[in-house]
Amino acid sequence: MKKESFILVHAGSQPAPEIIQLDPDHLLDGMYQAIRCDCIEIVRVQTGLLLPYGVVLVADESGWFREPVLINRLATIWYSDVVPGNVVLAAEGYRNGEPDLVGLNDFQLKYLRDAFGI
């Protein structure tokens, strides 16, 4: 199966968003590795001005319990509350007829590439 595109936003003082390719057959494993965690949380944020419609944050569920705690500045702005750790920007969609996380579509990816200059 073809890999799908997501954006990884790093925590810390320089977020340096980057496009990552993940295998949909091993999506959770790829997200755990990218975020550097073992339990994720799907965070729905207001979309429209700051993020394109349908984009969600995939965050580290236990980010507050890791040392050192690194704040994700961009995710904090999007969520309007402090978010620790790396996050993956993904889309809500359907896989095999079921609601699931999916890669960013062409519009979402272009919007975010233009916004981040990547």
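User: With which side chain does the side chain of serine 5 make a polar contact?

Analyst: The model is predicted, so local features need pLDDT of at least 70 and side-chain atom pairs count only at pLDDT 80 or more, while totals for chains, interfaces and linings use all residues. Residues are numbered from 1 along each chain as its sequence is written, and side-chain values use heavy atoms, with hydrogens and water left out. A polar contact is a pair of N or O atoms within 3.5 Å; within protein, one must be able to donate a hydrogen and the other to accept it, and residues adjacent in sequence count only if both atoms are side-chain atoms. At 2.8 Å, the partner of the serine 5 side chain is the side chain of glutamine 21.

User: Is serine 5 buried or exposed?

Analyst: Serine 5 belongs to strand 1 (residues 4–9). Strands (E, at least two residues) and helices (H or I, at least four) are DSSP runs, numbered from the N terminus. A residue is buried under 20% relative accessible area, exposed over 50% and partly exposed in between (1.4 Å probe, protein chains only). Because its relative accessibility is 15%, serine 5 counts as buried.

User: Which residues does tryptophan 78 contact, leaving aside neighbours within four places in sequence?

Analyst: Tryptophan 78 is found in helix 2, and its relative accessible area of 9% makes it buried. Contact means heavy atoms within 4.5 Å. Leaving aside those sequence neighbours, the contacts of tryptophan 78 are Val9, Val45, Leu50, Leu51, Leu57, Leu89 and Phe116.

User: Which residue's backbone nitrogen lies 2.9 Å from a polar atom of the side chain of asparagine 86?

Analyst: Asparagine 86 sits in the loop between helix 2 (73–79) and strand 5 (87–95), where it is buried, with a relative accessible area of 7%. Not counting residues up to four places away in sequence, it touches several residues, including Leu8, Val9, His10 and Ala11. The backbone nitrogen at 2.9 Å from its side chain belongs to alanine 11.

User: What is the volume of the largest pocket?

Analyst: On a 1 Å grid over the protein atoms alone, a pocket is an open set of points where a 1.4 Å probe fits, with protein on both sides within 12 Å along at least five of seven lines, and lining residues have an atom within 4 Å of a point. Of the 13 residues lining the largest pocket, Arg66, Pro68, Leu70, Gly85 and Asn86 lie nearest its centre. Grid points are joined across faces, edges and corners, and a volume is the space filled by probe spheres set on the points. For the largest pocket, this volume is about 210 Å³.

User: How many charged residues does the lining of the second largest pocket have?

Analyst: The second largest pocket holds about 160 Å³ of space, and the elements that give two or more residues to its lining are strand 3 (40–44) and strand 4 (55–60). Ala, Val, Leu, Ile, Met, Phe, Trp, Tyr, Cys and Pro count as nonpolar, Asp, Glu, Lys and Arg as charged, and the others, Gly among them, as polar. Beside seven nonpolar residues and one polar residue in this lining, the number of charged residues is four.

User: What is phi of serine 80?

Analyst: Serine 80 lies in the loop between helix 2 and strand 5 and is exposed, at 68% relative accessibility. Its phi is positive, in a residue other than glycine, with a value near 65 degrees.

User: What is phi of asparagine 96?

Analyst: Asparagine 96 has its place in the loop between strand 5 and strand 6 (98–102). Its relative accessible area of 77% makes it exposed. Its phi is positive, in a residue other than glycine, with a value near 55 degrees.

User: What is the angle between the planes of the aromatic pair formed by phenylalanine 107 and tyrosine 111?

Analyst: Both residues lie in helix 3 (residues 106–116), four residues apart, about one turn of the helix; phenylalanine 107 is exposed at 57%, and tyrosine 111 is partly exposed at 24% relative accessibility. Rings of Phe, Tyr and Trp (its six-membered ring) pair if their centres lie within 6.5 Å, and planes under 30 degrees apart count as stacked, over 60 as edge-to-face and the rest as tilted. By this rule there are two aromatic pairs. The pair of phenylalanine 107 and tyrosine 111 is tilted, with 6.1 Å centre to centre and an angle between the planes of 50 degrees.
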